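Q: I am new to this structure and would like to learn how its features are read, beginning with the way its chains meet. Could you take me through them one at a time?

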Amino acid sequence: MTEAAAEPLITDAMRATIGQRSEPTISEVTTTGVRMFARSVGHVDPVFYDVEEAKKAGYRSLPAPAGYLGTPVYDPRYNDATFGGRRGQGPGPQPSRPLTRILNGGTEVEYFDDICAGDVLTAVGYTSDIQERAGSIGQMLITTSKTEYTNQDGKLVAVMTGTGIRY
Amino acid sequence: MANWAEISEGQELPVLKKNCTSQQLVQWAAGSGDFYQIHYDQDFAKSTGLSGIIVHGALKNAFLGQLVHDWAGNNARIKKYGCSYRGMDLPNEDILCKGVVKRKYEENGEKLVDVEVWTEQANGTKTTPGFATVKFL
């Protein structure tokens, strides 16, 4: 154990990736996408299903339910069939010893404006922080990544922060 | 629908009770685009060492979003919210989404409320602690 603790997991190559911005990807917010997401969560507020109700409540169209940042455009030439994301982006440079297990540590979203059906969001991601910590499951690598969503008017509307744990 | 004037610190949000069928997990896979098989394929889930299929963490995050939306209504907007995934939840078991008002304040001309939110199993175990900051219009 002391030997494992002596060797840091984080390498200089990993540190160098912090802040490197990804190629932009497109995420579409459509009435169908909003309804499908809202239905799968079990939302009951008609604003997520009925455009007239949404407008009466002050939205431009169906609002994106919390956690929904549009549907990434899928193209089998570029996207992963299981997770939908761009293939080949991978976890980036490897730590000093292989870590095979991955946990989703958490999700956070900050909103700066309404996101509604009809919006087309451009998403750019980057790693904002890499930490290592010893926990009950041993030495863990904790990667914080951020994705910025900008709408068709060039306005930053949301930032999603994800925490990945590898061990 | 919550009314800013009537909100007070310590107030509890109405509990939102969820109990995921495998059908709901399939709907979520389609709605979110996450088709990882541990959420709908028992054999696959077991082959990875799980006891069976498990509820998506991001679905619980969305449940907490619904909890806050249903309480705050459309005269409010979620400014920021998030949660940590500390434990697994299984289909066909109750997931109680709960929240409590921690702070009510005005900042930069905005009427804000911070709430603590979480999901809880029937035995009281909290698997998804989180928070939300809500802006009232």
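Q: How many residues of chain B are in contact with chain A?

A: This is a predicted model, in which local features need pLDDT of at least 70 and side-chain atom pairs count only at pLDDT 80 or more, while totals for chains, interfaces and linings use all residues. Residues are numbered from 1 along each chain as its sequence is written, chains are lettered from A and ligands numbered from 1 in the order in which they are written, and side-chain values use heavy atoms, with hydrogens and water left out. Contact means heavy atoms within 4.5 Å, and by that rule 30 residues of chain B are in contact with 29 residues of chain A.

Q: What area do chain B and chain A bury between them?

A: The size of an interface is often given as the accessible area lost when the parts come together. Counted with a 1.4 Å probe and summed over both parts, the buried area of chain B and chain A is about 2,500 Å², with 50% of it on carbon and sulfur atoms.

Q: Where does B:His69 lie, and is this residue buried or exposed?

A: Helices (H or I, at least four residues) and strands (E, at least two) are DSSP runs, numbered from the N terminus, and B:His69 is placed in helix H3 of chain B, residues 57-72. Buried means under 20% relative accessible area, exposed over 50%, and partly exposed in between (1.4 Å probe, protein chains only); B:His69 counts as buried because its relative accessibility is 12%. Apart from its neighbours within four places in sequence, the contacts of B:His69 include A:Asp45, A:Phe48 and A:Tyr59.

Q: Which residues are linked with B:Lys79 in a network of salt bridges?

A: The network links B:Lys79, B:Glu110 and B:Lys135. Within it, the side chains of B:Lys79 and B:Glu110 meet at 3.0 Å, N to O. This pair links distant parts of the chain, with B:Lys79 in strand S2 and B:Glu110 in strand S4 (residues 110-120) of chain B, 31 residues apart. B:Lys79 is partly exposed, with a relative accessible area of 26%, and B:Glu110 also counts as partly exposed, at 23%.

Key. Buried area = accessible area lost by both parts, 1.4 Å probe. Salt bridge = Lys/Arg side-chain N within 4 Å of Asp/Glu carboxyl O.
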